[in-house]
Structure formats: C-alpha cells, structure tokens
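Reader: I would like to go through this structure term by term. Please set each value against its definition.

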Amino acid sequence: MAAAASVMPLLAKEKRRLSGATGSAALRADAAQSALCAYLSLIALVGLVVNTIWRVPWADSVAALAIVPLVVWEGREAMQGKPCGCC
C-alpha cells in the first residue's frame, strides 16, 4: 500500500504527460485511474497508520468512509458512460 501511495502519483503524472503528447484517450483514462489508485492507497494507509500508532480502533472505519465519495463518483461516471471528451 505504501508503494502504491508513493509510486502511483508519479505514474499518473507521466501518463498524463504522455497522453497529451500522443493524443491517446486510453492513456488519459488510465492516468485518471492511476491517480484514483493513489488517492485510495493514501487514504487506506493513513487509516492503518493512525490505527497502528495511536491505537485508534475506528480509524480504519473512518478511512473506509473517506473512500466512499471517490467510489460513488467513479461508479456514477461509469454507469453514465461519460466519454472522455476526446472522441
């Protein structure tokens, strides 16, 4: 999880740069997914760290609830079938 939280933002940034250079909609969508993966990993990691260091048993639950808006947003966009705007 720590590796994903540290590597995925860099990967997303590079994918965004390459998608702009190549005009690839698929690569731009993959960059968005990589960025979302980074957010999810970071939120989960913060919940685990708080639980481990300060022995706050409900930190994992709060972290899970913090992830819900991201999941709902992604699900809503997927169900609506929104295009990427490039085609």
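Author: Helices here are DSSP runs (H or I, at least four residues), as strands are (E, at least two), numbered from the N terminus. This is a predicted model, where local features need pLDDT of at least 70, side-chain atom pairs count only at pLDDT 80 or more, and totals for chains, interfaces and linings use all residues. Residues are numbered from 1 along each chain as its sequence is written, and side-chain values use heavy atoms, with hydrogens and water left out.

Reader: What makes Arg17 and Glu14 a salt bridge?

Author: The rule asks for a side-chain nitrogen of Lys or Arg within 4 Å of a carboxyl oxygen of Asp or Glu. Arg17 and Glu14 meet at 2.4 Å, N to O, so the pair qualifies. Both lie in helix H1, three residues apart, about one turn of the helix.

Reader: How many salt bridges does this rule give?

Author: Two. Asp30 and Lys15 also meet in one, at 2.5 Å, N to O. Asp30 lies in helix H2 and Lys15 in helix H1, so this pair ties together parts 15 residues apart in sequence.

Reader: Why is Lys15 called buried?

Author: Buried means under 20% relative accessible area, exposed over 50%, partly exposed in between (1.4 Å probe, protein chains only). Lys15 has 15%, so it counts as buried.

Reader: Why do Asp30 and Glu14 count as partly exposed?

Author: Asp30 has 33% relative accessibility, so it falls in the partly exposed class. Glu14 has 35%, and is therefore partly exposed.
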